[in-house]
Amino acid sequence: MGEARILVVSHGKMAEGMVLAVRMVAGNTGFLDWVCLDENSDIRQFREELSRKLDEIKDADQILVLTDIQGGSPFTSSIGLLAEKGLTERAFVVSGMNLGLLLALALQKEIVSEEALEEMIRQSREGMKRFRYEEDDDEGL
């Protein structure tokens with residue numbers, strides 16, 4: 001199989017925090033990177049940084065871009081720059097990322113089929129549960 005590269009993109013420091021959390025759990029996988037649109041940068045600076053990061057991984061067999069929210073600047077900038085660079089054939093962009101999904105992709109370490117990605121997204125959604133504390137009930141833990 002080929003090489004997949006993962007780029008995590010968000011508002012604030014969320015993307016950086018998620019990558020650091022994955023590295024804490026799974027070790028330094030070496031193919032995860034991030035770009036953050038924070039309060040100290042404008043959209044032009046953010047797009048320049050994102051463009052540079054995409055240039056660094058453009059030769060990968062697959063590019064996976066995970067973003068925080070659909071329609072936000074990190075999401076729309078990712079979509080636009082991937083198209084400008086002619087990388088859409090080898091890229092998936094996923095909005096609404098969570099740590100479970102990023103961890104699953106990081107542990108994959110190779111290209112992911114569209115079907116496998118959809119299954120990982122489904123599983124990451126199912127991992128979101130509301131905890132209800134009931135006295136003398138440890139089963140919910």
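Contact here means heavy atoms within 4.5 Å. Helices (H or I, at least four residues) and strands (E, at least two) are DSSP runs, numbered from the N terminus.

Some ground rules. This is a predicted model: local features need pLDDT of at least 70, side-chain atom pairs count only at pLDDT 80 or more, and totals for chains, interfaces and linings use all residues. Residues are numbered from 1 along each chain as its sequence is written, and side-chain values use heavy atoms, with hydrogens and water left out.

Now the overall layout. The protein has 5 helices and 4 strands. From the N terminus, the order is β-α-β-α-β-α-β-α-α. The C-alpha trace spans about 55 × 40 × 25 Å along its principal axes. Of contacts between residues at least 6 apart in sequence, 73% join residues at least 24 apart.

Two strands count as paired if DSSP finds at least two bridges between them.

Take β3, residues 62-67. It is joined to β4 by 4 bridges, and the two run parallel. L64 has F92 in β4 as its bridge partner. With β1, β3 pairs over 6 bridges, again in the parallel sense. There, V8 stands opposite L66 of β3.

Is β3 covered or open? Mostly covered: 6 of its 6 residues are buried. Buried means under 20% relative accessible area, exposed over 50%, partly exposed in between, with a 1.4 Å probe and protein chains only. One side of β3 holds Q62, L64 and L66; the other holds I63, V65 and T67. Both faces are covered.

Next, a lysine. K53 sits in helix α2, residues 43-57. Is K53 buried or exposed? Buried, at a relative accessible area of 14%. Leaving out residues up to four places away in sequence, K53 touches L7, D33, W34 and V35. Look at D33 in particular. D33 and K53 are 20 residues apart in sequence, and their C-alpha atoms are 8.1 Å apart in space.

Last, the whole-protein totals. Of the 141 residues, 37% count as buried. The accessible surface comes to about 8500 Å², and 47% of that belongs to carbon and sulfur atoms. Those areas come from the Shrake-Rupley method with a 1.4 Å probe.
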